[in-house]
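Thanks for coming. I will keep this short, and I would like you to look at the model while I talk.

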Amino acid sequence: QNLDGKVSTLTYFMEIEESWWNSRTANCVELGYGGAPCSERCCGVPYNSDTTTFALNERRAVIGNADLTKKSLFLYGTGPFSGRVAYHATCDKKCWSNWAGTDYNPLT
């Protein structure tokens, strides 16, 4: 079943089987947040050619210490906006976080 079929029956979220996504090269936008030695707004949210041309089957991460052999893919639904729009909605104005690298704390 393709993703459109899966999302039509989705109640909450579901894990997509690795055997399915591992052979797909659809272009995605990877959004993530991590620690970095910077204090400018959104400097902890990389947005560049690496994160905006992210093949679905690639094994890489925004954070450098991720175990790339443990990648999992989850489907949460569909939305009316792209990864680019989501990035700008997060970073073009301050909401509850500055998203700076120095603000990142995985324990709090």
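I will go through one lysine, then the nonpolar cores, then the aromatic pairs.

This is a predicted model, where local features need pLDDT of at least 70, side-chain atom pairs count only at pLDDT 80 or more, and totals for chains, interfaces and linings use all residues. Residues are numbered from 1 along each chain as its sequence is written, and side-chain values use heavy atoms, with hydrogens and water left out.

Start with Lys71, in the loop between β3 (54-55) and β4 (73-75). Helices here are DSSP runs of H or I with at least four residues, strands are runs of E with at least two, and both are numbered from the N terminus. Lys71 is buried and has no salt bridge. Buried means under 20% relative accessible area, exposed over 50%, and partly exposed in between, with a 1.4 Å probe and protein chains only. A salt bridge needs a side-chain nitrogen of Lys or Arg within 4 Å of a carboxyl oxygen of Asp or Glu. The nearest side chain of opposite charge is Glu30, 8.0 Å away; for charge, Lys and Arg count as positive, Asp and Glu as negative, and His and the chain ends are not counted.

What does the Lys71 side chain reach? The backbone oxygen of Leu56, at 2.5 Å, and the backbone oxygen of Glu58, at 2.7 Å.

Next, the cores. A nonpolar core is a set of buried Ala, Val, Leu, Ile, Met, Phe, Trp, Tyr and Cys residues joined through side-chain atoms within 4.5 Å. The largest has six residues: Ile16, Trp20, Trp21, Leu56, Leu73 and Leu75. Helix α2 (18-21) and β4 each give two or more residues to this core. A second, separate core has five residues, among them Cys42, Tyr87, Cys91 and Trp99.

Last, the rings. There are six aromatic pairs in the whole structure. Rings of Phe, Tyr and Trp (its six-membered ring) pair if their centres lie within 6.5 Å; planes under 30 degrees apart are stacked, over 60 edge-to-face, and the rest tilted. Tyr33 and Tyr104 have ring centres 5.1 Å apart and planes at 80 degrees, so they are edge-to-face. These two tyrosines are 71 residues apart in the chain. Tyr33 is partly exposed at 22% relative accessibility, and Tyr104 is partly exposed at 31%.

Tyr47 and Tyr87 have centres 4.0 Å apart and planes at 10 degrees, so that pair is stacked. Tyr47 lies in the loop between β2 and α3, and Tyr87 in helix α4. Tyr47 is partly exposed at 27%, whereas Tyr87 is buried at 16%.

Conventions:
A polar contact is a pair of N or O atoms within 3.5 Å; within protein, one must be able to donate a hydrogen and the other to accept it, and residues adjacent in sequence count only if both atoms are side-chain atoms.
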